[in-house]
Amino acid sequence: MGRKSRSENLLNNLPQLQNLIKRDPHSYQEEFVQQLSHFEASLAIFELKPDEEAKEFGELINFLSQVAKCYPKKSTRFPKQLIDLLQKHYPVLNGDLRKAIVQALILLRSRGVVSNLRVMPLFFTLFRCRDKSLRKLLYTHIINDVKLANKGKHRNHKLNKALQGFMYTMITAADAQDKHGEGALAAKKSLDVCVELYRKNIWTDAKAVNVIAQACFSPITKVMMTAVQFFLNPQKRSGDNDESGSEAENDGSTKKKFVNIQMIQHQSNVNKKTKYRTRVMSRVARAHRREQAKKLGQLPASDEEDDDDEVTGGKKKKKNAGKPVVNFDVLSLIHDPQGFVEKLFARVHSSATSTKRGGSTVDRFEVRLVLLKLISRLIGHHQLQLMAFYPFLQRYLQPHQVDVTQILAVLATGTHAFTPPDVLQPLIRAIADNFVADHCSPEVMCAGLNTVRAIATRQPLSVDPDLLNDLVLYRKHKDKGVMMAARSLLALYREVNPEMLHRRDRGREATIGLISGTTDKTLLGFGASRAAEGVDGVELLEKYEEKARPAATENGNDEWAQWEVASSDDESQVGSESEWVSAGNGAEEDAEDICLDSSSDEDSDDDDKDDESEGELGSECDDGESASESEDEDEAEEDDDEAEVPDSTPAAVLSGPAKPAEKRRIDMTRFLTNEDFDRIDRLKKRQKSASQKPQQAKRQKADDGYSDSDDMQVDDDEDDSSGSGSSGEEDEAKDYVDDWDILGDYHSRRRRRKATYEERTSTIMAGREGREKFGSSKAKREKEGRSLSNKEKRKTKDYKMIAHKRSVVTKGKRSLVQKRRDLRKHIVKQKKNGF
């Protein structure tokens with residue numbers, strides 16, 4: 001009786017039986033079969049009335065899902081029975097029981113009892129349930145399951161293709177177009193899943209992007225706005241008010257603490273400078289740079305758990321170091337962008353012109369503005385032609401318009417090089433009339449001038465010369481923001497087309513280039529473009545290597561480069577000289593080669609622009625050697641009459657001068673490596689930053705040559721700026737105009753960060769170069785290496801230290817007559833000095 005009672009109690013105590021089965025599955029096989037048969041009988045009874053609570057039935061399902069892996073053959077029908085139960089009765093099931101069944105299926109899926117292709121369609125169907133906790137559970141499981149299925153370099157294309165097709169069906173289904181229907185809930189959650197998988201770098205292909213693109217045409221505003229916001233900022237997560245945003249963070253993984261880089265930068269500027277705080281700031285800066293790299297697609301965002309460092313041999317080693325992940329822009333993956341833009345604009349136009357009569361849905365102005373942002377991004381990115389877009393925006397070009405800065409940014413972003421100038425000129429005129437006038441406030445004038453400059457940057461032909469010269473006159477405005485905006489417009493046309501400006505506004509370089517006819521700053525016609533003759537920026541690499549070669553020679557790295565070994569055939573010609581033949585003075589021969597190259601370039605019809613500096617040097621050499629041209633020609637004729645020299649004779653031994661050959665670009669003589677292209681990018685950034693910072697350009701010009709440390713200077717500066725909370729990398733990466741760009745740095749709330757002590761010191765030292773005569777007496781004295789004289793030291797002493805001196809005592813005992821004489825002498829001396 002004791003054993004029988006214990007076995008009966010064991011059948012009723014499911015947690016204890018579960019523990020025993022996991023320890024010894026073979027001994028408790030009969031108990032499992034009894035519980036399985038009990039489940040099948042209870043299932044048949046439950047299907048007769050599926051809306052009951054059935055708490056015991058849910059506990060039995062949980063027990064079987066825990067131990068089903070121990071008896072795979074006997075529990076083959078169990079997952080299918082749960083799936084069929086949910087598919088048939090999920091709308092009427094009790095909430096707790098339905099969640100218990102879903103948790104059982106998730107457990108079976110995690111243990112490999114059932115495949116994900118069987119449960120995933122069911123989970124997407126369950127998104128229709130009006131149960132927020134259930135949708136959150138399903139959302140978290142789907143994200144994690146797809147992430148595990150596509151972990152590392154492996155991609156489960158079969159699963160991805162099936163799920164993407166199922167999502168497309170749910171988003172475009174007929175019931176998903178009803179705002180109050182259950183299909184709208186399923187479409188919204190399916191869209192959230194697809195967006196989150198893209199942000200985790202799991203689904204980054206064109207099919208996933210186009211599934212999201214289909215949601216932009218949904219009549220449900222919430223679904224449409226989720227898709228549009230994804231295309232505007234693919235890496236930005238939704239807010240707390242959006243259900244997907246909170247669920248994405250609570251996916252069961254360890255949440256990373258958000259660090260406010262601006263706050264830490266402010267604290268480092270205010271608090272006392274210590275080594276610990278410096279290390280904390282550098283650590284936060286590295287983390288911020290890593291997040292920026294993830295946003296730009298340079299690091300995999302899906303392997304967040306692999307970002308930690310591995311400790312091997314006492315040193316930290318990063319797992320994914322040197323493995324950048326390149327992702328295409330989401331706007332580049334859209335199929336038929338022209339048709340996509342036309343459909344979006346048709347919706348915006350119909351909402352702006354229609355009314356709510358007849359029960360039609362009209363989007364709010366905020367929704368239409370977001371759609372206009374996406375339309376302008378696509379037009380600017382793909383250089384599309386949508387002629388009705390620009391006249392549509394003209395109605396909003398008024399200073400009193402709500403969010404007028406965003407509308408101006410939309411107009412500037414939607415402009416590109418192939419936009420007809422005739423379409424843009426009415427808008428430019430409207431902006432000039434409504435924004436840039438004396439009766440407008442400085443903020444309005446600054447926004448108008450910045451908008452004109454942003455449009456002219458993309459299409460310089462859109463501004464006529466008369467209007468341009470009128471706008472340039474505001475460069476002397478009393479408001480600093482207006483003055484800066486007008487000067488930026490002037491600097492733009494000095495670089496693009498100085499002929500449109502008055503002669504006094506063109507600048508020195510542009511005027512000299514126009515007079516001499518050597519300038520390349522001629523504006524091409526509409527639709528015309530200059531054909532590239534080689535790799536862009538290769539001339540910078542050539543200059544870098546030319547300046548780096550003498551430096552390597554001076555350091556001894558190239559000490560044998562000036563020597564050549566004479567062959568056995570040369571010994572008869574050289575005579576008693578040694579086998580080592582010197583190549584001569586390298587500087588003189590280099591100068592001769594430059595002269596020859598420059599003379600050949602001047603005679604040729606096709607003159608490269610990169611050889612202007614060599615042409616100037618060649619002209620100087622020609623002036624110095626014009627007297628010996630005839631003698632060189634006679635020597636050349638005598639050399640032609642002599643016998644042929646063997647091929648083995650070195651070039652240094654040949655007495656005749658080398659034939660002038662055209663100088664070829666580096667990309668025509670050798671293959672450029674990845675390091676060369678990286679160096680070209682760095683040199684371009686350096687040249688751009690030097691043009692924006694004249695003091696830095698002066699300092700670089702004063703240097704004798706380039707070095708690797710100088711080559712990396714720009715990257716270090718950018719890293720410091722990004723670590724300090726600035727958005728320099730994002731500004732360079734974006735190809736659109738923001739409302740902050742329209743307002744400008746002066747009138748916007750975005751202020752420039754406070755410079756660090758090292759940056760202020762470098763700026764001060766750069767400004768002191770070439771101004772030694774304006775320096776202080778202390779700096780001159782320190783430069784000469786002398787100290788203060790006794791007379792100079794006496795001036796800085798405290799009065800009590802010199803009160804007993806004879807000169808001080810006698811000065812206090814002077815009479816009134818003597819004081820008057822000394823005062824007169826002082827006045828005369830001051831007048832002579834010009835005071």
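Helix 10 is followed by N201, whose phi is positive, near 60°. The model is predicted: local features need pLDDT of at least 70, side-chain atom pairs count only at pLDDT 80 or more, and totals for chains, interfaces and linings use all residues. Residues are numbered from 1 along each chain as its sequence is written, and side-chain values use heavy atoms, with hydrogens and water left out.

Helix 10 covers residues 182-199; helices are DSSP runs of H or I of at least four residues, numbered from the N terminus. Its 18 residues reach 26 Å from first C-alpha to last, close to the 26 Å expected at 1.5 Å a residue. That expected span is 1.5 Å times one less than the number of residues. Of the 18 residues, 16 are buried (buried, under 20% relative accessible area; exposed, over 50%; partly exposed, in between; 1.4 Å probe, protein chains only).

The whole structure holds 16 salt bridges (a side-chain nitrogen of Lys or Arg within 4 Å of a carboxyl oxygen of Asp or Glu). One of them joins R98 and D131, with the closest N and O atoms 3.9 Å apart. R98 lies in helix 6 and D131 in the loop between helix 7 and helix 8, 33 residues apart. R98 is buried at 8%, as is D131 at 14%. D822 and R814 meet at 2.4 Å, N to O. D822 is partly exposed at 25%, and R814 is partly exposed at 29%. E545, R670 and D676 form a salt-bridge network.

How values were computed
Helix = DSSP H or I, 4+ residues; strand = E, 2+ residues; numbered from the N terminus.
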